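Me: Could you walk me through this complex, one question at a time?
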There are 2 protein chains.
Amino acid sequence: MATRTDPLTLEVVELIGTVVARYYEEYEQAAAAHSLTGAQARVLGLLSLEPMPMRRIAQKLKCEPSNVTGIIDRLEVRGLVERRPDPADRRVKLAAPTEKGTRTARQLRESLDFAREPLAGLSDADRAVLRDLLRRMLGMEPSA
Amino acid sequence: MATRTDPLTLEVVELIGTVVARYYEEYEQAAAAHSLTGAQARVLGLLSLEPMPMRRIAQKLKCEPSNVTGIIDRLEVRGLVERRPDPADRRVKLAAPTEKGTRTARQLRESLDFAREPLAGLSDADRAVLRDLLRRMLGMEPSA
DNA sequence: TATTGTTATACTCTATAACTATA
DNA sequence: TATAGTTATAGAGTATAACAATA
């Protein structure tokens, strides 16, 4: 597939880079507001959707399982997450948010206004067009 | 400003999150293909546009100046970057890519096909619409 | 005095390899 | 034997504080 290098494409590439930088920046700030690192916030967000084995957290984070031990350790010390036994397999430990962790995850999610706040400047029709373009960029079917 | 939580907005937010995740992933892979970390690749990319004082690199990276010392050290050991005196101020050290560093930066840029390759699925008209929507999201004027 | 870059320190995230307890 | 989680280790990025050279 030929790579496009026309001015329009390059400008869109740069704009996407700007969006990515701003998104990351705001994510880190939101995490820091709760004294969490980015990785800790991501894990807490994951677990708030569904408790899961350490192994699966590593898959979601695309990192080695040994790293997850430390991240969960630090969340556990702060009372945001707990390790539970898996009744079906005694080797497995299920990481699950505590009540406090669930609360923190929700606050975190609500403070992540990056993509919502700027979107307020777009009309419903604009948002629908943007959605379709992003879907096609990501190789998704038009009607998901 | 009221935060929108309608399904369409939330879907766009999620799509942007997916774009961000994929962008970062591919950036790290491209850097790793040259045995560089993400931070090292970002600094090399910066310097390939224009040599600059250590202090300014820190500002661009939004990190403390003390961190830049180590990053430049590691790039310098590999012969990708060099420190030059600033004739105008003897306190300042200008970091500049070597010839090898310039070559690596160019290869890195060319391998960053993330945003280009998927864009190939969009027509020129689509790309123009996407550009305008992203500009408005980022608070830019329509005709930059 | 203020600024630039550095050093020293400590913490977090990361990968690798070896270990344990279960399966 | 194979798998889940852990530990130990080393490298990199990060912030903080203190320092030397220069402005």
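**Contacts with DNA and between chains**

Reply: Happy to. A backbone N or O atom of Glu64(A) lies 2.8 Å from a phosphate oxygen of DNA strand C. This is a predicted model, where local features need pLDDT of at least 70 and side-chain atom pairs pLDDT 80 or more, while totals for chains, interfaces and linings use all residues. Residues are numbered from 1 along each chain as its sequence is written, chains are lettered from A and ligands numbered from 1 in written order, and side-chain values use heavy atoms, without hydrogens and water.

Me: Which residue puts a polar side-chain atom 2.7 Å from a phosphate oxygen of DNA strand C?
Reply: Glu64(A) uses a backbone atom, and so does Arg90(A), at 3.0 Å from a phosphate oxygen. The side-chain atom at 2.7 Å belongs to Asn67(A).

Me: Which element gives the largest share of the surface near DNA strand C?
Reply: With four residues, the largest share comes from H4(A).

Me: How much area do chain B and chain A bury between them?
Reply: In this interface, 44 residues of chain B are in contact (heavy atoms within 4.5 Å) with 44 residues of chain A. Buried area is the accessible area (1.4 Å probe) lost on being put together, summed over both parts. Carbon and sulfur atoms carry 75% of the total, which is about 4600 Å².

Terms used: Buried area is the accessible area (1.4 Å probe) that two parts lose on being put together, summed over both. A polar contact is a pair of N or O atoms within 3.5 Å; within protein, one must be able to donate a hydrogen and the other to accept it, and residues adjacent in sequence count only if both atoms are side-chain atoms. Helices (H or I, at least four residues) and strands (E, at least two) are DSSP runs, numbered from the N terminus.
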